[in-house]
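Hi everyone, thanks for making time this morning. I'd like to walk you through one model, from the overall layout down to a few local details. Have a look at it first, and then we'll go through it together.

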Amino acid sequence: MSDPAHIAAIGARAEVMLSELGAISSEPKRLVRLYLTPEHRRAADLIASWMRDAGMTVTEDALGTVRGHWRPELKKRLLIGSHIDTVIDAGKYDGPLGVVSGILAVRELVARGIELPFGIDVLAFGDEEGSRFRTTLAGSSACAGVFDRSSLAFPDRNGISLADAIKAYGKNIDDIPAAAYDPENVVGYVEVHIEQGPVLEAENLPLGVVTGIVGQSRMRVVVLGEAGHAGTVPMHMRHDALVGASELMLLIERTALENQDDGMVATVGRIEASPGATNVIPGRVGFSLEFRSSSDAKRKGAIEQIKADAQRIGVRRRLEFAFEPFHETNTTACTPSMQDLLSEAIASLGYKSVRLPSGAGHDAQVMGKLCPMVMLFVRCKGGISHNPAEFASEADMGLAIAALVRFIETLAANDAAKGAA
Ligand code: HGY
Ligand code: MN
Ligand code: MN
């Protein structure tokens, strides 16, 4: 599969599919597709139809992951996947590119009548972003056998629990354990994803091989002070929860800036102050906080630092700070031998590639707990993502799918050679 016209045609097909999928949104003016919603159902049905057209049988597990099975009779499975949920006001490539790449790679294998010693499951996970519930990576966690059942109680903003949403979607939480793969039967997991960063574009390269995915800690911080009359409470007598939260946020930024050698980042993405009136001193603030770093120790150290800072602010301002963690994943290395196979596959197409870490989280992080895992990054314009301006070219997507097919062929040849040995 090195004919440039054929590769270009596959990239064009990917673009058509991603545009069709990208049109499935709960809002007319921006892309919002949340886990276990009617939009998730419509997207899952569209993807299932593509999988069947490509010659796969289709099932869905208890967490709504759509699974396309090619050569279901074979015990050994290569898993290819990514997520189909989105952030709020998303781009159309983050996630779906990995599912469409898997489907088009299987189409290519079928078209060429290629025999493999393993079957392929293409997996479309419904919850990687964590945009609806505080969970994240729910679908891949179930496949990897590490699903945290306590997250079933997590409510969405309307108070609907994950368990109730799963039931409303037509699934049964009792079937969650059955979603787990047996590691014995899994050859590995590979995920094609836009880079969501500037490196490949800066290097003028279409593709990159991911060395590892940074660890993340996500939590909710609640600040309790005292609501009061904005006009009558003197400044020195206030216990203003929003000012206290703001002071901590500047220290959060400083802590991340002091840890740049590990690429530490810290973000407060969402905040609410109550009672939320112009003339009332905020008595309660809640905000989301996440830290990421290539060093797990540094990341955990930074969180302890921030808790100590909060303690000091609390004493001085007579505020209480509570930290409610809800997501933790350690830095996960991609399997070196699979990285090499992916680099060779790209080289066989006549392209150089770089190896680079991922600052973004991915389903691959969890799948790495189940089996050997690797990710293929695709250049994206300006490194922009989690933004409707997100863009990957047809040419680069075509190359990614060609490299994926070549990767699968080499993996099969190595597997067969091992088996023959
Ligand atoms: O947040 C992330 O890194 C991913 O896009 N969910
Ligand atoms: Mn994302
Ligand atoms: Mn993603």
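Before any counting, a quick word on terms: helices here are DSSP runs of H or I with at least four residues, strands are runs of E with at least two, and both are numbered from the N terminus. On that basis the chain has 11 helices and 16 strands. Please keep in mind that this is a predicted model.

Now the overall dimensions. Along its principal axes, the C-alpha trace spans about 80 × 45 × 40 Å.

How is the chain divided into domains? The assignment gives domain 1 as 4–213 + 331–420, and domain 2 as 215–329. Their centres, taken over C-alpha atoms, are 34 Å apart.

Let's turn to where these two domains meet. On the domain 1 side 12 residues are in contact, and they touch 12 residues of domain 2. The area buried between the domains is about 940 Å², with carbon and sulfur atoms giving 44% of it. On the domain 1 side, the touching residues divide into 4 nonpolar, 5 polar and 3 charged. What about specific pairings? Between domain 1 and domain 2 there are 0 salt bridges, while 5 residue pairs are in polar contact, both partners at pLDDT 80 or more.

Over the whole structure, though, the search finds 27 salt bridges. One of the pairs here is Glu 409 with Arg 112, whose closest N and O atoms are 2.7 Å apart. That pair links distant parts of the chain, 297 residues apart: Glu 409 sits in helix H11 (residues 394–420), and Arg 112 lies in the loop between helix H3 (96–111) and strand E4 (119–125).

Most residues other than glycine have a negative phi, and most peptide bonds are trans. Gln 196 is not a glycine, yet has a positive phi of about 60°; you'll find Gln 196 in the loop between strand E5 (186–194) and helix H6 (199–202). And Ser 274 is joined to Pro 275 by a cis peptide bond, with omega about 10°. Pro 275 belongs to the loop between strand E10 (271–274) and strand E11 (280–281).

Definitions and conventions
Residues are numbered from 1 along each chain as its sequence is written. Chains are lettered from A and ligands numbered from 1 in the order in which they are written. This is a predicted model: local features need pLDDT of at least 70, side-chain atom pairs count only at pLDDT 80 or more; totals for chains, interfaces and linings use all residues. Side-chain values use heavy atoms; hydrogens and water are left out. Domain bounds come from an automatic or database domain assignment. Contact means heavy atoms within 4.5 Å. Buried area is the accessible area (1.4 Å probe) that two parts lose on being put together, summed over both. A salt bridge is a side-chain nitrogen of Lys or Arg within 4 Å of a carboxyl oxygen of Asp or Glu. A polar contact is a pair of N or O atoms within 3.5 Å; within protein, one must be able to donate a hydrogen and the other to accept it, and residues adjacent in sequence count only if both atoms are side-chain atoms. Ala, Val, Leu, Ile, Met, Phe, Trp, Tyr, Cys and Pro count as nonpolar, Asp, Glu, Lys and Arg as charged, and the others, Gly among them, as polar.
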